[in-house]
Amino acid sequence: MHGPAMSGWLLMALCGATGVYCLLRTRRETGERRRTARAEALMGFGMAAMAVPAAVVTPPVWGWAVYAVLFCAASLRALWFSRRSTHHLHHLVGSSAMVYMALAMAPGAGGAHGEHGGHTGHDVAVAAGGIPLLTGLLLAYYAVYVLRSGARLMPAATTAGSGGGPVGGGWGAWPELALACRLTMGIAMFTMLLTL
C-alpha cells in the first residue's frame with residue numbers, strides 16, 4: 001500500500017484484528033453465518049497483508065498474482081453463494097476490489113513501481129490510481145456502504161447500552177461486533193482505494 005507508513009501499519013493491525021474476530025465467529029456460527037464469517041475473515045487477513053507499507057516490506061513479484069488468484073476464487077465463491085444470501089453480493093464487490101487493487105499494485109501495472117526511478121510525479125499519480133472511473137465507482141460504493149453500516153450500528157448501540165447484553169452469553173455473541181467489523185473493513189477498503 002502506498003501512503004504514510006503509520007497509516008499502513010494501523011490499517012494492517014485493524015484489518016488483522018477484524019480477521020481474527022471473524023475467524024473466532026466461525027467457531028460459534030453455523031450454516032450461512034459461518035460462511036459469511038469465513039469470507040469476512042479472508043477479507044480481513046487479505047486486507048491486512050495488502051496494507052503492509054510498501055516502504056517496509058516489498059512483496060515479491062509473484063505475490064500480487066497470488067492475491068489476484070486468491071481473491072478471484074473468493075469472488076467466484078461469493079457469486080455462487082449470492083443465490084442464497086444477498087450479503088454475498090457485498091463479498092463479491094469486496095473480493096473483486098481486492099483483485100483490482102492487486103492488479104493495479106503489481107509491478108508493471110504502474111501501481112507498485114511508482115516509487116522507483118524514471119517516473120515523473122504526474123505519471124505516478126495516473127498510474128498509481130488504477131482506472132480512475134473504476135476506482136471512483138468503488139470509492140462511491142464503499143462510502144455509501146460505510147454510511148449505511150454506521151447508521152445501522154447507531155440504534156443497535158443504544159439498545160445494547162440499555163441492558164440488552166450479548167445474546168447467548170460471551171463477548172463473541174454481540175451482533176453489533178459483527179456489524180462493527182464490517183464497518184471497519186469498509187472504512188479500510190475505502191482508505192486503501194484512496195491510496196491506490
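**Ground rules.** I worked on a predicted model, where local features need pLDDT of at least 70 and side-chain atom pairs count only at pLDDT 80 or more, while totals for chains, interfaces and linings use all residues. Residues are numbered from 1 along each chain as its sequence is written, and side-chain values use heavy atoms, with hydrogens and water left out.

**Helix pair.** I looked up helix H1 (residues 5-28) and helix H7 (residues 175-194): their axes come within 10 Å and cross at roughly 145 degrees. Helices here are DSSP runs (H or I, at least four residues) numbered from the N terminus. The axes are lines fitted to C-alpha atoms over the stretch in contact, with angles from 0 to 180 degrees between N-to-C directions. I then noted the residues that make the contact (heavy atoms within 4.5 Å). H1 brings Leu11, Leu14, Cys15, Thr18, Tyr21, Cys22 and Arg25, and among those from H7 are Leu177, Cys181, Arg182 and Met185. By class, I have 11 nonpolar, three polar and two charged residues in this contact. For these classes, Ala, Val, Leu, Ile, Met, Phe, Trp, Tyr, Cys and Pro are nonpolar, Asp, Glu, Lys and Arg are charged, and the others, Gly among them, are polar.

**Cavities.** Next I asked how many cavities of 30 Å³ or more there are. The count comes to two. A cavity is a set of points on a 1 Å grid over the protein atoms alone where a 1.4 Å probe fits but cannot get out, and lining residues have an atom within 4 Å of a point. The volume of the largest cavity is about 110 Å³, taken as the space filled by probe spheres set on the points. Its lining includes Glu40, His90, His91, Tyr142, Arg182 and Met185. H7 gives the most to this lining, with four residues. I sorted the lining into six nonpolar, four polar and two charged residues.

**Glu40.** I found Glu40 in helix H2. Is Glu40 buried or exposed? Glu40 counts as buried, at 2% relative accessibility; the cut-offs are under 20% for buried and over 50% for exposed, with a 1.4 Å probe and protein chains only. Leaving out residues up to four places away in sequence, Glu40 touches Cys22, Arg25, His87, His91, Arg182 and Met185.

**Met6.** My last stop was Met6, in helix H1. Met6 is exposed, with a relative accessible area of 58%. Met6 and Pro53 are 47 residues apart in sequence, and 8.1 Å apart in space, C-alpha to C-alpha.

Definitions and conventions: Helices (H or I, at least four residues) and strands (E, at least two) are DSSP runs, numbered from the N terminus. On a 1 Å grid over the protein atoms alone, a cavity is a set of points where a 1.4 Å probe fits but cannot get out, and a pocket is an open set with protein on both sides within 12 Å along at least five of seven lines; lining residues have an atom within 4 Å of a point.
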